[in-house]
Amino acid sequence: MKSSRFAKLTEGRSSQTIRIIFIILFTVPVILFVLSLTLGRYPIGPIDVLRVLLSPFFPNLANDIPDVAQQLILRVRLPRILAALLIGASFGGTGTAFQAIFKNPLVDSNILGVTSGAGFGAALALLFMADSWIVQISAFVFGLAAVSLAFFGSRLYKTSPLLVLTLMGILVGSLFSSLTSLLKYVADPLDTLPAITFWLLGSLTSVTWSRLASLAVITLIGVVFLLLIRWQLNVLSLGDNEARALGVSPSRMKLLIIIFTTLMTAAAVAVSGVIGWVGLVIPHAGRLLVGPDHKNLLPAAMLLGASFMMLIDDVARAMLPGEIPLGVLTGLIGVPILIVLLRKNRTGW
Amino acid sequence: MHLEAQHLSFGYIPEQTVLHDISLSLKAGEILYILGRNGGGKTTLLSCLAGLILPDTGRVLIDGKLLTSFSTAERAKFIGLIPQMHIPSFAYSVEEMVLMGRAPHLGWLGSPSRVDYQIVEEALEQVGLFEMRKRAYTEISGGEQQLVLIARGLAQKCQVLLMDEPTAHLDLSNQHRVLEIIQQLSQRGLSFIISSHAPNDALAYADNVLLLTGGWATDYGLPKEVLTESRLSAVYGIQTEVIYQSENGRFIPRAVVPRRPERIRAESLYDHNSFLSQMFVQRDNQPRLLLVTGLSGAGKTTWCTKLARIAKEKGLTVRGILSPGVFKGQRKMGIGVQNLATGEERLLATLNENDYRDLSTPRWTFDAEQLKWANDILADIDESDLLIIDELGPLEFLRGEGLTAALEIIDQKRYHVACVVVRSSLLPKVLQRWPDALVVSGDF
């Protein structure tokens with residue numbers, strides 16, 4: 001009994017099964033997307049939602065739906081849910097890519113300190129009560145700065161570049177976390193401190209079309225890049241020497257991947273605040289579904305990530321009268337899922 | 001295809017050279033074995049040949065073209081590398097592992113197509129693993145993993161495969177399976193450079209063998225010429241024995257085995273037919289050098305004393321020196337030196353009183369005058385039947401001090417049999433100097 005189950009897991013899935021899994025993986029986010037738009041204080045049925053969504057193309061389709069509902073869907077809920085979708089896909093994809101190039105299934109794109117840097121950037125802007133778009137830019141810039149610091153810092157050492165890079169990322173992350181704590185310490189407890197704290201807990205409440213634009217552009221470019229090089233991730237995950245022996249230049253590829261994933265992560269974090277665990281958990285779920293081959297895993301992780309973030313955001317919006325911070329939820333839901341996945345995933349990682 | 005390495009030298013840090021002036025050449029379908037001790041530079045040499053590291057001096061040529069003039073992908077179409085076995089972090093299937101061999105043909109944005117999958121199927125069929133293609137690489141046996149990596153090299157369509165210890169960790173049947181596949185592929189024109197710890201495999205499969213000692217290519221040539229007792233003894237620092245098999249009246253080397261120290265009793269010299277006596281009788285033979293080893297306090301000096309006495313009784317000329325311990329109670333407090341020709345004995349070294357308590361290997365303070373006396377005795381030795389030197393230590397072999405005259409008279413070979421007392425830990429060093437010596441442990 002036990003051995004037969006084991007054999008099933010060790011045999012890879014047939015291409016037929018994988019095709020069916022991908023059909024499901026594509027359908028789920030579409031359904032979730034529509035359902036998410038129906039959720040909220042002002043309930044709107046899924047049919048109405050679809051009609052409103054299609055109304056720009058067919059002008060008379062949504063004439064009977066109240067203007068408030070239309071505005072609510074198009075101005076408030078749609079950008080927010082699109083942001084969740086993009087951020088989820090981004091975290092799923094970047095987490096998978098980083099696990100491959102770091103040869104380590106326990107990292108995500110935060111390992112080089114991008115989130116800590118972005119957190120500091122946002123806290124700094126919030127301390128001076130800057131506009132929300134300045135907060136977003138500051139978070140983005142400091143996120144990139146943190147990764148650059150870790151990356152160029154690791155170049156000071158010649159030996160074992162991967163280990164040093166990881167260590168530098170952790171060091172830079174701690175440095176920026178400490179700086180953020182310092183800012184919180186000096187912040188006004190009635191005014192800026194709550195703002196900083198809430199930002200750090202993660203939220204999609206304030207997403208508007210204008211804030212979504214930069215996120216969408218960067219995420220889509222990054223997603224296309226990752227999808228193009230996804231098969232090469234297999235080769236890179238064998239280590240630098242083996243990759244080079246297989247004709248792939250690891251340093252150039254890794255630099256490109258780090259640049260793109262960092263831009264994606266920084267853009268996402270700048271909009272959503274700190275949201276952990278998604279990039280770590282989703283690739284594991286993906287491996288369980290489609291196996292470790294990045295040709296399938298990367299798109300699967302992006303689709304899974306998108307679904308997961310929309311779902312989490314729905315829970316955040318709908319479970320309590322007030323909003324639950326996203327970063328809290330991803331941890332509360334992500335950690336148990338990861339524990340179950342690690343238990344189930346017996347074919348290595 | 002012709003791979004050529006000319007005068008390769010390399011050091012990871014400038015002061016420490018790992019490879020010294022190594023040249024080799026490889027034709028299509030040839031199998032070259034690289035043998036040597038751990039840390040001898042085998043893996044570094046393979047990395048150099050694969051273009052993973054740049055040699056400090058020298059160059060690697062493929063069909064007359066410089067390896068450095070190739071791009072990473074172009075190079076991988078000629079040379080494949082199978083590193084020492086390691087488990088990847090992710091449980092790729094056998095098929096996915098082999099597919100990665102297509103990477104140099106696909107370019108950096110490439111993704112495998114139907115043709116690539118066909119090539120992978122073909123490669124898996126060649127190594128006999130087609131049925132396993134969907135299994136997880138991490139869960140198949142070590143031998144099968146090695147075959148998967150060979151299949152990856154086939155899918156890579158390279159012309160030389162460099163393999164780093166392919167049979168390490170494999171059981172006998174898997175070793176055989178892997179090596180036979182290598183042999184079959186070489187007959188179809190694929191060349192192999194294999195680093196290994198198995199001289200027997202080299203005897204059976206290699207066209208050429210390169211012996212690496214401390215980064216120097218000490219020997220390079222046909223297996224039966226390179227894998228001889230004295231050369232292997234020098235490389236590995238142990239006594240080795242090559243076992244031959246007679247085939248159609250010719251003797252063919254089949255196996256190399258380490259030889260344990262010969263256990264010899266000093267009294268066996270009384271017996272005319274004993275191994276020891278025969279060495280004196282066969283006077284036309286080469287002079288024989290015996291290295292007498294054993295732990296300290298095992299009775300090496302006693303053995304030599306006994307041997308010298310018996311030899312004298314039998315009328316042989318005995319020369320050399322003994323170093324009997326000078327005891328105070330149970331503790332060895334000094335080292336004497338005795339001239340075997342005259343029986344005269346002097347005190348050569350004393351223990352430094354202050355540190356003898358804590359040190360298991362005491363520090364001796366040598367008397368320079370007596371040391372000169374001992375060296376003069378040794379330098380004056382002319383012809384002898386039996387030469388005894390008790391004992392040579394790190395001082396002589398590592399620092400060039402102490403009884404330096406002993407090294408010279410041993411090299412001059414004006415004796416029939418020489419017995420030199422050497423502690424076991426120094427044997428590798430000593431065997432490098434005298435690879436033809438016979439290691440003896442006195443049956444005390």
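## Domain contact within chain B

In this predicted model, 7 residues of domain 1 of chain B are in contact with 7 residues of domain 2 of chain B. On the side of domain 1 of chain B that touches domain 2 of chain B, the residues divide by class into 4 polar, 2 nonpolar and 1 charged. The domain assignment of chain B places domain 1 at 2–258 and domain 2 at 262–442, and the C-alpha centres of these two domains of chain B lie 45 Å apart.

## Contact between chains A and B

The contact between the chains takes 30 residues from chain A and 29 residues from chain B. On the side of chain B that touches chain A, the elements giving two or more residues are helix 2 (72–78), strand 6 (79–82) and helix 4 (103–106) of chain B, and helix 2 of chain B gives the most, with 4 residues. By class, that side of chain B holds 17 nonpolar, 7 polar and 5 charged residues.

## A helix pair in chain A

Two packed helices are described by the angle between their axes and by the distance between the axes. The axes of helix 5 (residues 114–127) of chain A and helix 6 (residues 132–154) of chain A cross at roughly 145 degrees and come within 6 Å, and the crossing of helix 5 of chain A and helix 6 of chain A is right-handed.

Helix 5 of chain A brings to this contact residues including Val114(A), Gly117(A), Phe120(A) and Leu124(A), while helix 6 of chain A brings residues including Ile134(A), Ser138(A), Phe142(A) and Val147(A). The residues of this helix contact divide into 16 nonpolar and 5 polar, with no charged residues.

Key. Residues numbered from 1 in each chain as written. Chains lettered and ligands numbered in written order. Predicted model: local features only at pLDDT ≥ 70, side-chain atom pairs only at ≥ 80, totals over all residues. Contact = placed C-beta atoms within 7 Å. Nonpolar A, V, L, I, M, F, W, Y, C, P; charged D, E, K, R; others polar. Axes fitted to C-alpha atoms, helices over the stretch in contact; angles between N-to-C directions. Left-handed = near helix turned anticlockwise from the far one by under 90°. Domains from an automatic or database assignment.
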